[in-house]
Amino acid sequence: MNPFLLSIPELEKKARAVRRRIIVLNAESPAGGHTGADLSQVELLTALYFRILNCSVALKESDERDIYIQSKGHAVGGYYCVLAEAGFIPVDWLATYQHADSHLPGHPVKHKTPGIELNTGALGHGLPVAVGIALAAKRSNSKRRVFVVTGDGELAEGSNWEAALVAAHYKLDNLIIINDKNNLQLAGATKEIMNTDPLDEKWRAFGMQVTECRGNDMNDVVRTLEGLTPEGKPHVVIAHTTKGAGISFIQGRPEWHHRVPKGEEIELALEELKDA
């Protein structure tokens, strides 16, 4: 069971706190950050860590804990902010993001950061490993669930679709794939660089149970994730998000893929993220 079990209003407040941390973390990083990608996934990760996952600091060594894998590893800044809010890492570590010898490198590294389950960064890497973990859990009669968040640009990598074939073949209904579908990637619109639509039809053709939600609407995210039931198929949640969600001058703009707020932008962003 999740140790927090926050209500929807509490989750929304937590998401604003995470976004504030993302702005400061990226602004202070000597190597920049992926602000847009960090922000699009906030509701997804907040819902998982503060309501959905059977995972906590106390359970981090448990064989029955749920596993979360951040396949879109470039968005690790936002993930670190969630881990700090959940108590996995000290909050003061966030100020060291991407500094020399930091516990918080620019991509997830398991041996450096408590709470990280898998080193990721090469896109298309997270889902294949998640499939292996889910298969092992099935064969061990474990109740563990495995959640993995992918980017939509990442789905151009063929390794994801090989993994999907395996997941469906072994009926891994303990696997939940969440597509952070913000429709943008490094160089522009995903549909113009490598169009993967229609994603719902593709996943179903590979044998998946597919659900869609508004990925920056906390109520819809929670309703969707809590409504998933084992039916002999892996789950795919297509979460329709906005890159840079939550900040008016960042959201929906591809240049914020690898840009960080500076100067007055920092204060403007934090002003927009004040609690109501």
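**Backbone and burial**

Author: L5 is partly exposed, because its relative accessible area is 47%. Here buried means under 20%, exposed means over 50%, and partly exposed lies in between (1.4 Å probe, protein chains only). This is a predicted model, where local features need pLDDT of at least 70, side-chain atom pairs count only at pLDDT 80 or more, and totals for chains, interfaces and linings use all residues. Residues are numbered from 1 along each chain as its sequence is written, and side-chain values use heavy atoms, with hydrogens and water left out.

L5 sits in the segment before α1 (8-28). Helices (H or I, at least four residues) and strands (E, at least two) are DSSP runs, numbered from the N terminus. L5 is not a glycine, yet its phi is positive, about 50°. Most residues other than glycine have a negative phi, and most peptide bonds are trans.

D101 is another non-glycine residue with a positive phi, near 60°. It lies in the loop between α4 (76-85) and α5 (126-139). D101 counts as exposed because its relative accessible area is 80%. There is also a cis peptide bond, between D197 and P198, with omega about 0°. P198 belongs to the loop between α7 (190-194) and α8 (199-205).

Now to a buried residue. L44 is part of helix α3 (residues 42-52). Its relative accessibility is 2%, so it counts as buried. Leaving aside neighbours within four places in sequence, L44 is in contact (heavy atoms within 4.5 Å) with I178, D180, G215, V221 and A239. D217 is 173 residues from L44 along the chain, but their C-alpha atoms are separated by 9.1 Å.

Helix α3 also meets open space. Together with α9 (218-226), it is one of the elements that give two or more residues to the lining of the largest pocket. That pocket has a volume of about 440 Å³. It is lined by 23 residues, and I52, D66, K143, R145 and F147 are the closest to its centre. A pocket is an open set of points on a 1 Å grid over the protein atoms alone, where a 1.4 Å probe fits, with protein on both sides within 12 Å along at least five of seven lines; lining residues have an atom within 4 Å of a point. Points are joined across faces, edges and corners, and volume is the space filled by probe spheres set on them.

The cysteines come next. The structure holds zero disulfides (pairs of cysteine sulfur atoms within 2.5 Å). For C55, the closest cysteine sulfur is in C81, 17 Å away, which is too far for a bond. C55 is buried, because its relative accessibility is 7%. C213 is buried too, at 4%.

Last, the whole chain. The protein has 10 helices and seven strands. Buried residues make up 55% of its 276 residues. Its C-alpha atoms fill a box of roughly 50 × 45 × 35 Å along the principal axes. Among contacts between residues at least 6 apart in sequence, 77% join residues at least 24 apart.
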